[in-house]
Amino acid sequence: MNLITARFGEIDVDESKVIDMRGGVIGFEHLKKFVLHIQDEKNPFWWFQSLDDGKVAFVVINPFIAKADYEPVIDDNDTKLLEIENAEHVVLLAIVTILQNPFSVSVNLRAPIVVNAEKKIAKQVILEDQTCPVQYYLTTTGSGDEASIA
Amino acid sequence: MLILTRKLGESITIGDDIKITFLEAKGKQVRIGIEAPPHIAVHREEIYQLIREQNIQAAKVDSIEKDTLPDILDGLRNLLLKDQQEL
């Protein structure tokens with residue numbers, strides 16, 4: 001199956017890898033199907049590309065790469081909804097916000113996309129833990145919580 | 001807006017499967033319990049709005065020129081990997 005995207009032009013989508021969103025990405029609830037698009041194997045930044053709207057794609061990262069001591073607790077309702085039986089099948093994706101003027105890059109650690117990789121179902125959850133920042137900065141130009149790397 | 005008055009311990013139901021119970025009132029704070037099926041998302045309004053706005057900002061990555069973004073991501077990757085080596 002081919003998809004016309006704004007960023008990558010036409011891409012070939014392996015239908016067995018299509019992720020079904022339960023509840024959707026907040027604010028984008030109308031978009032139900034996504035694929036994880038890895039442009040460069042060596043780069044930890046991946047793309048979460050909508051199949052319903054080729055114009056919508058999010059930069060995502062494994063949140064544990066952004067913050068090694070990240071400790072998300074997934075609500076029982078969400079594990080039930082995502083049919084998670086084995087923690088090994090869970091993949092977390094944190095949405096990255098890149099702004100140009102002024103330049104800043106932040107990772108949303110409060111609302112990761114939880115993927116059941118085995119069943120290809122996912123949901124953006126909101127963690128109860130209020131210490132997880134919505135904007136965890138990878139650059140020093142932003143304000144708020146910052147990673148030590150910049 | 002439908003406005004109802006309830007006593008503590010009393011509930012309201014919405015549809016067949018949503019139940020909201022008023023548990024405790026202390027000054028200007030009210031504790032409520034919500035029972036809803038897993039596919040119904042229940043969030044505090046302000047955090048829901050915050051994350052919605054953050055997602056909309058994040059999706060604007062499409063406005064960043066195609067040519068410059070790979071460089072930005074490469075630069076960030078180097079920062080992240082450098083950090084891991086130091087650890």
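This is a predicted model: local features need pLDDT of at least 70, side-chain atom pairs count only at pLDDT 80 or more; totals for chains, interfaces and linings use all residues.

Leaving out residues up to four places away in sequence, A:Ile11 touches A:Leu3, A:Thr5 and A:His37. A:Gly54 stands 43 residues from A:Ile11 in sequence, and the C-alpha atoms of the two are 10.0 Å apart in space.

In chain B, B:Leu8 sits in the segment before β1 (11-14). With 11 C-beta neighbours inside 10 Å, B:Leu8 counts as exposed. Apart from neighbours within four places in sequence, B:Leu8 is in contact with B:Phe22, B:Leu23, B:Glu24 and B:Ala25. B:Lys19, eleven residues from B:Leu8 in sequence, lies 14 Å from B:Leu8, C-alpha to C-alpha.

The two residue pairs for which separations have been given are set out here.

| Pair | Apart in sequence | C-alpha to C-alpha |
|---|---|---|
| A:Ile11 and A:Gly54 | 43 residues | 10.0 Å |
| B:Leu8 and B:Lys19 | eleven residues | 14 Å |

Strand β2 of chain B, residues 18-26, runs antiparallel to β3(B) and is joined to it by seven bridges. In general, the strands of a sheet pair through backbone hydrogen bonds, in either a parallel or an antiparallel manner. The sheet in chain B is open and has three strands in the order β1-β2-β3, with antiparallel pairing. Both β1 and β3 (29-35) of chain B stand at the edges with a single partner strand each, so one side of each strand has no neighbour in the sheet. From one strand to the next, the twist averages 25°.

Taken as a whole, chain B has two helices and three strands, and from the N terminus on these elements run β-β-β-α-α. The radius of gyration of chain B is 23 Å, well over the 12 Å that the globule rule gives for 87 residues, and the chain is therefore more spread out than a compact globule. Along its principal axes, the C-alpha trace of chain B spans about 60 × 35 × 25 Å. Of the 87 residues of chain B, 9% count as buried. Among the contacts in chain B with a separation of 6 or more, residues 24 or more positions apart account for 0%. The domain assignment divides chain B into domain 1 (1-40) and domain 2 (43-87), and the centres of these two domains, taken over C-alpha atoms, are separated by 37 Å.

Which elements give two or more residues to the side of chain B that touches chain A? In the interface as a whole, 27 residues of chain B are in contact with 35 residues of chain A, and the elements in question are α1 (45-59) and α2 (68-86) of chain B. The most is given by α1(B), with eleven residues. By residue class, the side of chain B that touches chain A divides into 16 nonpolar, five polar and six charged residues.

How values were computed: Residues are numbered from 1 along each chain as its sequence is written. Chains are lettered from A and ligands numbered from 1 in the order in which they are written. Two residues are in contact if their C-beta atoms, placed from the backbone, lie within 7 Å. Helices (H or I, at least four residues) and strands (E, at least two) are DSSP runs, numbered from the N terminus. Ala, Val, Leu, Ile, Met, Phe, Trp, Tyr, Cys and Pro count as nonpolar, Asp, Glu, Lys and Arg as charged, and the others, Gly among them, as polar. The radius of gyration is taken over C-alpha atoms; the globule rule is 2.2 Å times the number of residues to the power 0.38. A residue is buried if 20 or more other C-beta atoms lie within 10 Å of its own, exposed if 12 or fewer, and partly exposed in between; C-beta atoms are placed from the backbone. Domain bounds come from an automatic or database domain assignment. Two strands pair if DSSP finds at least two bridges between them. Axes are lines fitted to C-alpha atoms, for helices over the stretch in contact, and angles run from 0 to 180 degrees between N-to-C directions.
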